[in-house]
Amino acid sequence: MQVGMIANYQYLSDENLVKLKNFNVQEDEIFEDVEDWNEEAELLLDIDKMWDVLHFVLTGVSSSKPIKNNPLSEAILGVSSLEDVEEFIAYTEKTRIADIVLALENFDIEQAMENFSIKKCKNADLYPNIWDYDDEEEVEELKEEISDYFQNMKNFYKQILKANGNVMVTIY
């Protein structure tokens, strides 16, 4: 993994979803289009480097092991990813957004943070490799940061549902 891989989530119009689905690695430079879409996005969420740990908190496994048909895993990694591209680009069609919102709504982040363990994060080899905290105050700050990103993600998906949109996930 590269240093500084951050995750962005954004509203994806039906028109841009079609472009993404029809992407051909030999003919297209999709990443340049994606960057343009990022600049134009009205609904955009950046969870920085916390995507792997958030996936772990929500599902119990690293994002390197996505769980098919699991709305909590899909919230972080999308449903369908593009093959043969250097960057991670995935999308979730609007038909799955309500399930993701429901799963996020029903997830007890407070309980998850009570059970949160730096040692489990280190053992799971999560990105980024920051799991050497031993100061209780640092751990509390990290738990608060994860909770904030979770809340932001929940709000983002609610907005997408309201806008009847699709979602594009990029991690680079």
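Author: Start with Ser-73. This is a predicted model, and in it Ser-73 is buried, because its relative accessible area is 1%, under the 20% cut-off. Ser-73 belongs to helix 4, which runs over residues 71-77.

What does Ser-73 touch, leaving aside residues up to four places away in sequence? The list is His-55, Thr-59, Pro-66, Ile-67 and Gly-78. Look closely at Ile-67. A polar atom of the Ser-73 side chain lies 3.0 Å from the backbone nitrogen of Ile-67.

Now widen the view to the largest pocket. About 490 Å³ of space lies in the largest pocket. Its lining has 22 residues, and the closest to its centre are Ser-63, Pro-66, Leu-77, Ser-81 and Phe-88. Pro-66 is also one of the residues that Ser-73 touches. Which element gives the largest share of the lining? Helix 4 does, with 3 residues. Strand 3 (80-81) takes part too: helix 4 and strand 3 each supply at least two lining residues.

Next, the aromatic rings. The structure holds 3 aromatic pairs. One of them joins Phe-107 and Phe-150. Their ring centres are 5.6 Å apart, and the planes make an angle of 50 degrees, so the pair counts as tilted.

Another pair is formed by Phe-156 and Tyr-157. Here the centres are 5.3 Å apart and the planes 80 degrees apart, which makes the pair edge-to-face. Phe-156 is buried, with a relative accessible area of 3%. Tyr-157 counts as buried too, because its relative accessibility is 0%.

Last, go to helix 1, residues 14-21. Which residues are buried there? Asn-16, Leu-17 and Leu-20 are. They cover an arc of only 105 degrees around the axis, so they lie on the same side of helix 1.

Terms used:
Residues numbered from 1 in each chain as written. Predicted model: local features only at pLDDT ≥ 70, side-chain atom pairs only at ≥ 80, totals over all residues. Heavy atoms only, no water. Helix = DSSP H or I, 4+ residues; strand = E, 2+ residues; numbered from the N terminus. Buried < 20%, exposed > 50% of the residue type's maximum accessible area, 1.4 Å probe, protein only. Polar contact = N/O pair within 3.5 Å; in protein donor to acceptor, adjacent residues only side chain to side chain. Contact = heavy atoms within 4.5 Å. Phe/Tyr/Trp six-rings, centres within 6.5 Å; stacked < 30°, edge-to-face > 60°. Arc of directions from axis to C-beta. 1 Å grid on protein atoms, 1.4 Å probe; cavity = no way out; pocket = protein on both sides within 12 Å on 5 of 7 lines; lining within 4 Å. Points joined across faces, edges and corners; volume = space filled by probe spheres on them.
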